[in-house]
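Me: I have a model open and would like to talk it through with you. Could you look at it with me?
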Amino acid sequence: MPFLSRRLRAALLATASATLVAATLPAPVPLGIGDPLFPHLGNPGYDVLAYDIGLSYRGRNTEPLDAVTTIDARTTAPLDRINLDFTGGTVRSVDVNGLRADFAAEGEDLIIEPLGHLPAGIPLRITVRHTSDPAGEQDNGGWVRTADGLAMANQADAGHRVFPGNDHPADKAYFTFRVTAPQDLTVVANGERAGRIEHGDRTTWIYRTGHPMATELAQVSIGRSTVVERTGPHGLPVRDVVPAADREKLEPWLRKTPGQLEWMEKQVGRYPFENYGVLVADTETGFELETQTLSLFERRLFTEPGFPEWYVDSVMVHELAHQWFGDSVSPRTWSDLWLNEGHASWYEARYAEEHADKPLERRMRDAYTRSDGWRAEGGPPARPAAPEPGEKISLFRPVVYDGSALVLYALRQEIGSPAFDRLERLWVRKHRDSNAATADFTGLASRVAGRDLTSFFDGWLYGKKTPPMPGHPDWRGTTPRGSGKPA
């Protein structure tokens, strides 16, 4: 046998071992972490620490972007394969810890076979060279085409239509974005700008988050935009991103944000991130979205005269409140969505009461009247029905908005305003930059109240029928259509 160097012999042995493992492994299949509503979303066996996402935009928002996504992670269990959530793009190559790896696509998973078995507790660096295609149907989420470029709307499970990753809010990570675009366009992303490099007729923009973030909250805006900067409470940087042609028209709305920040801080404590701002996109999505540090809004919300001022204000506060409830404190599963939307709707309603003479009690009484119907249609707040096939947005039903704000109203009635306010502040402080579940909230509420609230929450969060409202024995619901029974 001819002489072989130690390194070459090791490489040949590793290759032989990998071939043997591949021969005995079952066929690659999509995995998931078993979320009750999205069972195939997320992936077991590793924890993502950071994403570095490079995107190259050529100026046409229907063409695929060239992309490189680098994921730093750590294995939490032994792995022979690594599953990433990814669809809607073409994968060109994958490296794991600097070595080329085989890969296959199954369902909406990218399944990677590293060179050899991976034990638990080791670092991973996964580099995927791929395209990111905005040409798919906008209703599926991910990239949103605007009049002059692109933005993102990844909730609930569309982040992996843009970049490969562990697309579940239970696995938050730090993000770096490196986006190259034509020189006449402006790029903005979550977090703070860390660099801007000009090369010829193109510019690379670099942004980094100062706090971990769920994949569903990632945001990149590319377009002919103006960035408007001002200062919020405690010197907080506020940067709004708007179509350049609408800069003056939108100013009356943009200048409201510092005051709204001050109001929210009075309710629940200091704003949890490094900056905040409003991203106004010239597009039609049918919703607004709490992307972290840079909430996405449709242009028409601010420019169409049919929307009353108080309504626009309350929508702005709704997305702002999400920065605490949903972004900083993220749900552990999608069944915990009520904690996001219920709280955002609660503070939206509270703001409208204080600033526009829209009584909270009237809104909650109306919600109580409708609550049994909402529960019949979409399940109780903390056990929502799964979204309709092919209509993931149908998860966002009235029961998780005002139907869940109604739970908070009932809780305040039950334990009193001082205890409720302490609970809210403690909740966002205790779980900042992390994930929390419904059981965490109910347990904390019991400790703050000084008594067991299990029976109260069982009815309000999981009951098919809405329980009697504390303090309002005269409130009545309506009979859900088709039930044939009194509410």
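Reply: What follows is a walk through strands, a helix, aromatic rings and charged pairs.

Me: Before that, what kind of model is it, and what should I keep in mind about the numbering and the atoms used?
Reply: This is a predicted model, in which local features need pLDDT of at least 70 and side-chain atom pairs count only at pLDDT 80 or more, while totals for chains, interfaces and linings use all residues. Residues are numbered from 1 along each chain as its sequence is written, and side-chain values use heavy atoms, with hydrogens and water left out.

Me: Okay, the sheet then. What is the strand order in the open sheet of eight strands?
Reply: The order is β5-β4-β8-β2-β1-β11-β14-β13, and the pairing is mixed. Strands here are DSSP runs of E with at least two residues, helices are runs of H or I with at least four, and both are numbered from the N terminus; two strands pair if DSSP finds at least two bridges between them.

Me: Which strands are at the edges?
Reply: β5 (99–100) and β13 (192–199) are the edge strands, each pairing on one side only.

Me: And how many bridges join β1 to β2?
Reply: Ten bridges join β1 (residues 46–56) to β2 (residues 65–75), and the two strands run antiparallel. Within that pairing, V48 stands opposite A73 in β2.

Me: What about β3, which way do its residues point?
Reply: From β3 (residues 82–85), I82 and L84 point one way and N83 and D85 the other, and all are buried, where buried means under 20% relative accessible area, exposed means over 50%, and partly exposed is in between (1.4 Å probe, protein chains only). β3 pairs with β7 (residues 109–113) in the antiparallel sense over four bridges, and L84 stands opposite L110 in β7.

Me: Changing topic: is α8 mostly covered or mostly open?
Reply: α8 is mostly covered, with twelve of its 14 residues buried; among them are D402, L406, Y409 and I415. The elements that cover those buried residues include α6, α7 (360–378), α9 (417–430), α10 (438–449) and α11 (454–462), with contact taken as heavy atoms within 4.5 Å.

Me: How far does it reach, and what comes after it?
Reply: Helix α8 (residues 402–415) reaches 20 Å from its first C-alpha to its last, close to the 20 Å expected at 1.5 Å a residue, the expected span being 1.5 Å times one less than the number of residues. G416 follows α8 and has a positive phi, near 90°.

Me: What does E414 pair with?
Reply: E414 forms a salt bridge with R451, the closest N and O atoms being 3.3 Å apart. That pair links distant parts of the chain, with E414 in helix α8 and R451 in the loop between α10 and α11, 37 residues apart. E414 counts as partly exposed at 28% relative accessibility, and R451 does at 36%.

Me: Which residues are linked in a network of salt bridges?
Reply: R58, R60, E63, D66 and R92 are linked in such a network, and in it the side chains of E63 and R60 meet at 2.6 Å, N to O.

Me: Last topic, the rings: how are F441 and F457 arranged?
Reply: The structure holds 25 aromatic pairs. The ring centres of F441 and F457 are 6.4 Å apart and their planes are at 75°, so this pair is edge-to-face. Rings of Phe, Tyr and Trp (its six-membered ring) pair if their centres lie within 6.5 Å, and planes under 30 degrees apart count as stacked, over 60 as edge-to-face and the rest as tilted. F441 and F457 are both buried, and both belong to one aromatic cluster that also includes W338, Y409 and W475.

Methods:
Salt bridge = Lys/Arg side-chain N within 4 Å of Asp/Glu carboxyl O.
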